[in-house]
Amino acid sequence: LEVLVVEDEFLLADYLTELLEEAGARVIGPLATVKEATAFANSDRRPHCALLDVNLRGEKIYPAASLLRERGVPIIFMTGYDEMPPEFSSVSCLQKPANPAALIATLSHASRGG
C-alpha cells in the first residue's frame with residue numbers, strides 16, 4: 001500500500017510516517033505545502049491513497065485534493081475543522097490527532113475503494 005502524506009507539522013508528519021510504515025505501507029512524502037502537493041497531484045505517480053492535512057501554513061489543500069480525486073486517488077482529510085466544502089462531503093475525515101487504529105482502518109477502507 002503506497003500512501004501520500006501531506007502534513008506541515010514536522011512531529012506529526014514524522015509520527016504518521018512511522019505509524020504507516022509499521023503497518024506495512026510505503027509512504028510518499030511527507031509533503032508540507034499546497035505547492036508540493038499540487039505538483040505531486042500533477043505528476044504521473046498514483047498512490048493507493050492520500051492522507052491530507054486540510055490547512056497547510058494557512059493554505060487549504062482543496063486544489064490538490066481535487067486533482068488527486070480526479071485521478072482516482074482516494075483521499076482522507078486530517079483536520080481540526082468540523083465542516084468541509086460540499087464537494088468534499090463524501091470524503092473520509094479524521095479529526096486531529098487521529099487515533100492510530102482508526103487511521104489504519106480508514107486508510108485500508110479507502111484504498112479498497114470504500
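Reader: Why is E21 called partly exposed?

Author: E21 has a relative accessible area of 46%, and since buried means under 20%, exposed means over 50% and partly exposed is what lies in between (1.4 Å probe, protein chains only), E21 is therefore partly exposed. The model is a predicted one, in which local features need pLDDT of at least 70, side-chain atom pairs count only at pLDDT 80 or more, and totals for chains, interfaces and linings use all residues. Residues are numbered from 1 along each chain as its sequence is written, and side-chain values use heavy atoms, with hydrogens and water left out.

Reader: What makes K35 exposed?

Author: The relative accessible area of K35 is 71%, and exposed means over 50%, so K35 is exposed.

Reader: Why is T17 called buried?

Author: T17 has a relative accessible area of 12%, and buried means under 20%, so T17 counts as buried. Leaving aside residues up to four places away in sequence, T17 touches V27 and P30, where contact means heavy atoms within 4.5 Å.

Reader: How do you know that E2 forms a salt bridge with R45?

Author: The closest N and O atoms of E2 and R45 are 3.1 Å apart, and a salt bridge is a side-chain nitrogen of Lys or Arg within 4 Å of a carboxyl oxygen of Asp or Glu, so the pair meets the definition. E2 lies in strand β1 and R45 in the loop between α2 and β3, so the pair ties together parts that are 43 residues apart in sequence.

Reader: What makes D53 buried?

Author: D53 has 3% relative accessibility, and buried means under 20%, so D53 counts as buried.

Key
Helix = DSSP H or I, 4+ residues; strand = E, 2+ residues; numbered from the N terminus.
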